[in-house]
Amino acid sequence: MATPATLVPGDDDFHPPTLDDPYWTETHWFSFDQPGPNLSCSVYPVLRRNLNIASVALYLWDGSESAPWLIRYGKAYWHLPFPESGLRQLRLGDLEYDCIEPLLSWAVRYADGEQVALDLRWDGLREAHLAHKSPHGGHLDQPCRVTGTVTIDGERYDIDTLGMRDKSWGVRPDVRAGVAAEDGRSAVAYTYGTLSADEQFLIYSAMKGNVGDAMPGGYLVRGGEKSAIVRGTRRVLGRSSGYPTEIELVIEDDLGRTLRVTGVCQNRLAKQAFSTTFAWLSMTEWRTPDGERFLGEDQEVFSPYSSGARMARLNTR
């Protein structure tokens with residue numbers, strides 16, 4: 001029997017490419033969602049050692065606008081030289097990462113003249129979740145407490161909220177069709193909510209229209225006990241101009257526990273991270289029938305070429 005894969009501190013640094021493929025890719029995404037101003041943040045570097053190039057995109061948005069040229073701040077830098085620094089001390093354009101403790105705590109800084117300044121810290125609420133890992137790639141997720149400051153056009157926000165980081169490595173081509181329609185899927189979704197270190201969920205789902213079934217890799221934490229999701233459904237209850245506004249999740253884990261939550265999207269960003277993928281990123285407040293309130297995001301990812309028009313026609317109200 002094969003030994004189960006585990007995370008090691010080195011997984012928070014660069015992984016040497018194990019394949020001679022130009023699209024060997026490493027990403028390390030940080031996000032937060034701050035209720036009140038409904039301010040969200042996405043920091044997303046894409047690093048391709050075999051091509052010797054990198055990119056970084058940073059977005060700050062609230063409920064006022066969703067287009068990247070109209071939100072509070074949005075900028076993407078493409079075709080930067082691959083950084084000489086390690087990923088745990090990343091220096092890429094105006095972005096700085098410093099690992100305070102591997103697999104747990106990170107400092108993230110960013111400055112763009114008088115427009116924007118970020119000085120933030122992500123601290124894992126519990127151990128990072130290993131979605132998958134093999135000799136040729138892997139992916140981890142970690143809900144975090146996010147603290148620090150963000151300044152946008154002279155307006156300062158004191159940040160003390162919940163967020164997420166995820167990291168992936170492996171081959172991610174730009175030349176495939178993205179989420180294609182051949183298998184009937186219109187999108188995949190990455191959906192999570194956090195109440196505390198002891199109450200969390202993350203579900204990946206394959207969407208067919210407004211209904212999707214759970215994919216491998218998700219988890220449920222209830223009462224501090226974590227277990228894998230074995231069945232689940234994501235159902236979009238409300239949609240406008242293509243983006244989801246209200247979502248229902250029903251999740252069952254391998255301990256037989258069930259979680260039902262309904263989420264209302266508080267904002268949204270129209271984001272194209274790769275040429276083949278487009279996503280709606282929405283800060284979402286989730287509520288159980290008993291009144292528990294989780295904070296997180298819903299990310300609905302699809303191909304702008306094969307399924308974009310179909311998604312826009314899925315309006316439910």
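Student: Take D11. Is it buried or exposed?
Tutor: D11 has 3% relative accessibility. Buried means under 20%, so D11 counts as buried. Keep in mind that this is a predicted model.

Student: Which residue forms a salt bridge with D11?
Tutor: Start with the general idea. Side chains of opposite charge can pair when their charged atoms come close. Here the partner of D11 is K133, and their closest N and O atoms are 2.8 Å apart. K133 sits in strand β9, while D11 belongs to the segment before β1, so the bridge ties together parts 122 residues apart in sequence. K133 itself is partly exposed, at 28% relative accessibility.

Student: How many salt bridges are there?
Tutor: The count comes to 24. One of them joins D112 and K75, at 2.8 Å from N to O. D112 is in strand β7 and K75 in strand β4, so this pair links parts 37 residues apart in sequence. D112 counts as buried at 13% relative accessibility. K75, at 27%, counts as partly exposed.

Student: What about E252 and R231?
Tutor: Their side chains meet in a salt bridge of 2.9 Å, N to O. E252 lies in strand β17 and R231 in strand β16, so parts 21 residues apart in sequence are tied together. E252 is partly exposed, with a relative accessible area of 24%. R231 is partly exposed too, at 48%.

Student: Which residues do shared partners join into one network?
Tutor: R91, E96, D98 and R109 are joined that way by salt bridges.

Student: What lines the largest cavity?
Tutor: Its lining includes Y44, V56, W78 and K271. The strands β2, β3, β4 and β19 each supply at least two lining residues. The largest share, 4 residues, comes from β3. By type, the lining has 9 nonpolar, 2 polar and 1 charged residues.

Student: And what about the second largest pocket: how much space lies in it?
Tutor: About 210 Å³. Among the residues lining that pocket are R48, L51, H79, D174 and F274. β2, β3, β4 and β19 are the elements that give two or more residues to this lining. β3 provides the largest share, 3 residues. The lining divides into 7 nonpolar, 3 polar and 2 charged residues.

Key: Residues are numbered from 1 along each chain as its sequence is written. This is a predicted model: local features need pLDDT of at least 70, side-chain atom pairs count only at pLDDT 80 or more; totals for chains, interfaces and linings use all residues. Side-chain values use heavy atoms; hydrogens and water are left out. On a 1 Å grid over the protein atoms alone, a cavity is a set of points where a 1.4 Å probe fits but cannot get out, and a pocket is an open set with protein on both sides within 12 Å along at least five of seven lines; lining residues have an atom within 4 Å of a point. Grid points are joined across faces, edges and corners, and a volume is the space filled by probe spheres set on the points. Ala, Val, Leu, Ile, Met, Phe, Trp, Tyr, Cys and Pro count as nonpolar, Asp, Glu, Lys and Arg as charged, and the others, Gly among them, as polar. A salt bridge is a side-chain nitrogen of Lys or Arg within 4 Å of a carboxyl oxygen of Asp or Glu. Buried means under 20% relative accessible area, exposed over 50%, partly exposed in between (1.4 Å probe, protein chains only).
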